[in-house]
Amino acid sequence: GWIGNGILCETLAPSSSPSKKPTTPPTISPSSLPSLQPSIVEQFITIVGKLSVSSDICAFTSQQLDAYIGAALDAIQEVTGCTNEDVCSAKVTRVCGKHRNDQPSLRMLQTETWQLDYEITESFTCEYASCNSAGDSATTQSVIAGTVAPIESSLSSDQFLAILSQNIINTGEFDASVVTCFAVWGIVEEPELAVAPAEEDEIGLFYPDWDDHSGTCLRGYPPVYMELNPEGWLFDTLEGCCARYYGGWNYNKCMNIQGSGLWYVSHINELCVTDCEEGQGKTCGGLANPISDDLYADPRSCCIADLPWRFVEFCESESLLGNCYAGTGLYYRGDTAGSKVCVRDCDPSASGDTTCGGLVEDTYIVLHDSADECCSAEYGWMTNELCAARSDQVDINKYWPDKTNSKCILDSHDPAEDLSISIYNSTAECCEKGIHWLSEVECLTASGDSTSLVASYMFFVDWENERCVQDC
């Protein structure tokens, strides 16, 4: 017999008939919008600019400062064409190191080096939600170029200066003299995008560029020793890396690889220039060396620190490429100007004043308050009154002894060439002290001043007639 469990046999047919239709109907439309459907994402492009002028606007009254801010904003809008608030907006964000309306700036920059910060924001609707289509990129570049180029060209051509100057006068808060010798300089930073498109070559973290000394932080592939210590070397943002490894003035350079717009010395030209590519502005001297070039907020500070042998007012004017500096008007030794006496610190061509010897350029030239002081200090062997008169180019009614011809001469009629000669208040004094080998009568007569003779009624010998005669 069979030993074991019985075999369970299964039927080959299903236990029930299959369904004739799906349990749920298929969807007729996609469950979500396709990725290529038009975007409703708005791209906002913010361009940050900074301006400074040669006047100390931070010393203005509050009313004047408000007027100046309005004038500057109007100039920015006119130059960029940013007048339609529906597509473009412009605002001043920071003045004299303080935020306007408590609005924080986009970046933690050391903006106290600039008098005025402003922002221009434009927007458009992206084709893709990522804002990285070819059309989105083209629109972005067009918006940036349409804003940045007019600002840079207007600063280079003095167009911005002319518009700003007129706007300032139009406020009615300032005298016209405030813009007589006016200069303006500025910089435009890298644009900020609200939606940053992902780019294949922008991968990785930021690290300081110690190898090529570019003065900024790079992104991508750091040296191995930095990768081994990411907490100390690598950063998610450019701001964080710059703040850690490029402090002080270098922070501006790190954040603005196209130039900080600050001032540094050009030793070749013996003046100060701005840290920006040549051609971006008339004061641009090329990009500053982040290692050897110190940066300054204004040309005067740069002149004082790095060109101490240059007269600071002259250096400042030369750096600003201005033609308004008229000199101090003080006196200095005239050797360098081709003069035998003192001359004044002013431009003879611009002023038409022949006492000017040219603008003083170097600090080794000593300046004096008056012609008398200058002559006394610089030409001690000269008769001070003669030296001062020649310096000021004025006549003096004093007499000098012409010892060759034994007579006294009025200096205003026939100026003495020898400025070391003594001068006297009258012909009689000159004859007595300067032509002492002649009698007073003979000297006065020779000098053509017989009217100065006064009868003494004393008697003297007339040797020719061999008799005594009376002086009368």
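A disulfide is a pair of cysteine sulfur atoms within 2.5 Å. This is a predicted model, in which local features need pLDDT of at least 70, side-chain atom pairs count only at pLDDT 80 or more, and totals for chains, interfaces and linings use all residues. Residues are numbered from 1 along each chain as its sequence is written, and side-chain values use heavy atoms, with hydrogens and water left out.

**View 1. The C342–C374 disulfide.** The S to S distance is 2.1 Å. The link is left-handed, with -95° about the S-S bond. C342 sits in strand β12 (residues 342–345) and C374 in helix α11, 32 residues apart. Helices (H or I, at least four residues) and strands (E, at least two) are DSSP runs, numbered from the N terminus. Both cysteines are buried. Buried means under 20% relative accessible area, exposed over 50%, partly exposed in between (1.4 Å probe, protein chains only).

**View 2. The C58–C96 disulfide.** Here S to S is 2.2 Å. C58 lies in the loop between β1 (42–53) and α1 (62–80), C96 in the loop between β2 (88–95) and β3 (98–99). The torsion is -105°, left-handed. C58 is partly exposed at 41%, and C96 is partly exposed at 28%.

**View 3. The C126–C131 disulfide.** The sulfurs are 2.0 Å apart. The S-S torsion is about 95°, so this disulfide is right-handed. C126 is buried at 2%, and C131 is buried at 3%.

**View 4. The surroundings of T383.** T383 lies in the loop between α11 (371–378) and α12 (384–392). T383 is buried, at 18%. Not counting residues up to four places away in sequence, T383 touches L419, S420, I421, S422 and I423. Contact means heavy atoms within 4.5 Å.
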